[in-house]
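Subject: Structure for your reading, with findings

Dear colleague,

Please find below the structure that I was asked to pass on to you. The findings follow after it, and I would be grateful if you read them with the structure open.

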Amino acid sequence: MCLRKRSGYRPPDLINAKIYTGPIPAERGGELAMGGGRSETSALSGTGGGRGMTTTQNSQRPNACCFCWCCCCSCSWNEEERWRRSRRKRISQDTKMETIPNCEACKPSAEEIRLWSQSFDKLMRNPAGRNVFREFLRTEYSEENMLFWLACEDLKQEINKNAIEEKARTIYEDYISILSPKEVSLDARVREVINRKMQDPTPHAFEDAQLQIYTLMHRDSYPRFLSSNIYKSLILGGSRTSSES
């Protein structure tokens, strides 16, 4: 069902989310008194003027930004990403992961493999490179970063209005919703931008989020990929193939 036809559409995670109403920690009292502890409110409604949704920075997670669920004041993006990775590791033990495509066209040449180490952009522009990098991300329980990026690329190619709204809703529920096991790590500012754009989604509704995840993969996962056994084995195999030929 399209977003525009569903007046008052609200993401399922924020419909069911419980707002923290317990006591405020002592170390946060001063901040709240000075106006430092703010709640974040954003409206995500259909064209029919549906209900607004409210979320707070109080949550049950280690990071109090990013629409979390705790009242802890320690806020670190890396800490949040480690928490997510640990959660996904537990979930993956009970969930069968989808198969990564493995076709002849996806098999890289020795030259392609060598170019991947020159820049992250060259890796991501190469279909075989994305395939191998995704395989590596799976070993780190962060495959959803690549899946989200690919979904955004697919959305950008869509021109049908109904299909755009449907794909945008699916992306939100699969990768933005705090209830999804494949939720990606985004800061509160980007989430607010997404919530506004979801009122009338376009092919570029997740552009800011896609850039943030691209940057995360570049800075966090890419250096480890180049040092991984997966990449080293490809380099070694490519070198052997070249010497034999």
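A polar contact is a pair of N or O atoms within 3.5 Å; within protein, one of the two must be able to donate a hydrogen and the other to accept it. With that in mind, please look at the start of helix 8, where N160 caps the N-terminal end: a side-chain oxygen of N160 lies 3.0 Å from the backbone nitrogen of N162. Please also bear in mind that this is a predicted model.

The chain as a whole

The chain holds eleven helices and two strands. Read from the N terminus, the order of elements is α-α-β-β-α-α-α-α-α-α-α-α-α. Of the 245 residues in the chain, 42% are buried. Among contacts between residues at least 6 apart in sequence, 63% join residues that are at least 24 apart.

Helix 8

Helix 8 covers residues 161–176. Its 16 residues, at 1.5 Å a residue, should span 22 Å, and the end C-alpha atoms are 21 Å apart, which agrees. Which residues of helix 8 are buried? They are I164, E165, A168, R169, I171, Y172, Y175 and I176. These residues lie on the same side of helix 8, because they cover an arc of only 165 degrees around the axis.

Helices 6 and 7

Two packed helices are described by the angle between their axes and the distance between the axes. For helix 6 (residues 127–139) and helix 7 (residues 143–156), the angle is about 140 degrees and the axes are 7 Å apart. Helix 6 brings R130, F133, R134, L137 and R138 to the contact, and helix 7 brings E143, M146, L147, W149 and L150. Sorted by class, six of these residues are nonpolar, none is polar and four are charged.

Helix 7 has 14 residues, which at 1.5 Å a residue should span 20 Å; the end C-alpha atoms are 21 Å apart, in agreement with this. Is helix 7 mostly covered or mostly uncovered? Helix 7 is mostly covered, as ten of its 14 residues are buried. The buried residues are E143, E144, N145, M146, L147, F148, W149, A151, C152 and L155.

The loop between helix 6 and helix 7 contains Y141. Most residues other than glycine have a negative phi. Y141, by contrast, has a positive phi, near 60 degrees.

P127 is partly exposed, at a relative accessible area of 47%. K107 is 20 residues away from P127 along the chain, and the C-alpha atoms of the two are separated by 9.1 Å.

Leaving aside residues up to four places away in sequence, V132 touches W116, F225, I230 and L234. F225 is 93 residues from V132 in sequence, yet the two are 9.5 Å apart in space, C-alpha to C-alpha.

I230 belongs to helix 11 (residues 229–244). Although I230 and V132 are 98 residues apart along the chain, their C-alpha atoms are separated by 8.0 Å. With residues up to four places away again not counted, I230 touches V132, E135, F136 and T139.

D187 sits in the loop between helix 8 and helix 9 (188–197). At 27% relative accessibility, D187 counts as partly exposed. What does the side chain of D187 make a polar contact with? The partner is the side chain of Q212, at 2.8 Å. D187 and Q212 are 25 residues apart in sequence and 8.8 Å apart in space, C-alpha to C-alpha. A polar atom of the D187 side chain also lies 2.9 Å from the backbone nitrogen of V190.

Yours sincerely,
A colleague

Technical notes. Residues are numbered from 1 along each chain as its sequence is written. This is a predicted model: local features need pLDDT of at least 70, side-chain atom pairs count only at pLDDT 80 or more; totals for chains, interfaces and linings use all residues. Side-chain values use heavy atoms; hydrogens and water are left out. Axes are lines fitted to C-alpha atoms, for helices over the stretch in contact, and angles run from 0 to 180 degrees between N-to-C directions. Helices (H or I, at least four residues) and strands (E, at least two) are DSSP runs, numbered from the N terminus. Contact means heavy atoms within 4.5 Å. Ala, Val, Leu, Ile, Met, Phe, Trp, Tyr, Cys and Pro count as nonpolar, Asp, Glu, Lys and Arg as charged, and the others, Gly among them, as polar. The expected span of a helix is 1.5 Å times one less than its number of residues. Buried means under 20% relative accessible area, exposed over 50%, partly exposed in between (1.4 Å probe, protein chains only). The arc is that of the directions from the helix axis to the C-beta atoms.
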